[in-house]
Amino acid sequence: MSLGVRATGNGGSRDAALAGAISSAIANQIRACWQPPVNLGDDIDATADRRILVATFAPDGALSTIPTVYVVKDDFQTEVTEPDLIEEAAIAALERCAPIKLPSTLYPYWQQVELELFPKASQPEIARADI
């Protein structure tokens with residue numbers, strides 16, 4: 001699995017370079033908590049549509065809501081009600097990593113993050129850390 005992270009807090013428009021660095025820091029923390037599903041087999045479709053995990057954090061770095069998974073196809077976003085093994089593993093990684101360790105003074109930049117899941121690779125990588 002590859003992982004792309006984008007910080008979507010309200011600070012990104014102020015300093016895109018800082019927001020990109022924060023996205024990378026979040027991705028590194030989450031990657032350290034990643035544990036791939038066992039016996040994955042053919043459960044994951046490598047040609048699947050884009051899947052995005054949205055997580056909202058409190059100022060202390062704790063998750064403030066349960067992360068939500070969306071499938072994106074043809075510019076339409078649909079919430080996933082039954083996550084597959086990869087999506088469950090990504091949610092679990094977020095829960096294990098919380099609270100994330102970032103300066104609270106930069107909270108507007110990391111209040112909400114989007115993680116894009118790419119199932120073609122077997123190990124999580126930073127696929128992109130953009131704004």
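This dialogue walks through a predicted model of one protein chain.

Visitor: How many helices and strands are there in the protein chain?

Guide: The chain has three helices and six strands. Along the sequence they follow the pattern β-α-β-β-β-α-α-β-β.

Visitor: What share of the 131 residues counts as buried?

Guide: Of the 131 residues, 41% count as buried. The accessible surface comes to about 7,000 Å², and 50% of that belongs to carbon and sulfur atoms.

Visitor: What do the contacts say about residues at least 24 apart?

Guide: Take the contacts between residues at least 6 apart in sequence: 76% of these join residues at least 24 apart.

Visitor: Let us turn to the strands. How do S2 and S3 run where bridges join them?

Guide: Begin with a general idea. Side chains in a regular strand alternate between the two faces of the sheet. In this structure, S2 and strand S3 (residues 68–73) run antiparallel and are joined by five bridges. Arg50 has Val72 in S3 as its bridge partner, and Leu53 stands opposite Val69 in S3.

Visitor: Is S2 mostly covered or mostly open?

Guide: S2 is mostly covered, with six of its seven residues buried.

Visitor: Which strand do four bridges join to S3?

Guide: That is strand S4 (residues 76–79), which runs antiparallel to S3. Lys73 stands opposite Phe76 in S4. The hairpin of S3 and S4 has two residues between the strands, and Asp74 takes a positive phi near 50° there.

Visitor: How many aromatic pairs does a search of the whole structure find?

Guide: The search finds two aromatic pairs. In one of them, the rings of Tyr107 and Trp110 have their centres 5.0 Å apart and their planes at 85°; planes over 60 degrees apart count as edge-to-face, so this pair is edge-to-face.

Visitor: Why are Tyr107 and Trp110 separated by about one helical turn?

Guide: Because they are three residues apart in helix H3, about one helical turn separates them. Both Tyr107 and Trp110 are buried. Together with Phe57 they form one aromatic cluster.

Visitor: Which residues is Trp110 in contact with, leaving aside its neighbours within four places in sequence?

Guide: Its contacts include Ile22, Ile26, Phe57, Pro59, Ile100 and Leu102.

Visitor: One more residue, Glu87. Does it count as buried or exposed at 4% relative accessibility?

Guide: Residues under 20% count as buried, so Glu87, at 4% relative accessibility, is buried. Glu87 is found in helix H2 (residues 85–97).

Visitor: What does the side chain of Glu87 make a polar contact with?

Guide: The side chain of Glu87 makes a polar contact with the side chain of Arg51, at 3.4 Å. Leaving aside neighbours within four places in sequence, Glu87 is in contact with Arg51, Val69, Val80, Glu82 and Leu117.

How values were computed
Residues are numbered from 1 along each chain as its sequence is written. This is a predicted model: local features need pLDDT of at least 70, side-chain atom pairs count only at pLDDT 80 or more; totals for chains, interfaces and linings use all residues. Side-chain values use heavy atoms; hydrogens and water are left out. Buried means under 20% relative accessible area, exposed over 50%, partly exposed in between (1.4 Å probe, protein chains only). A polar contact is a pair of N or O atoms within 3.5 Å; within protein, one must be able to donate a hydrogen and the other to accept it, and residues adjacent in sequence count only if both atoms are side-chain atoms. Contact means heavy atoms within 4.5 Å. Rings of Phe, Tyr and Trp (its six-membered ring) pair if their centres lie within 6.5 Å; planes under 30 degrees apart count as stacked, over 60 as edge-to-face and the rest as tilted. Accessible areas come from the Shrake-Rupley method with a 1.4 Å probe; for residues, only the protein chains shown count as cover. Two strands pair if DSSP finds at least two bridges between them.
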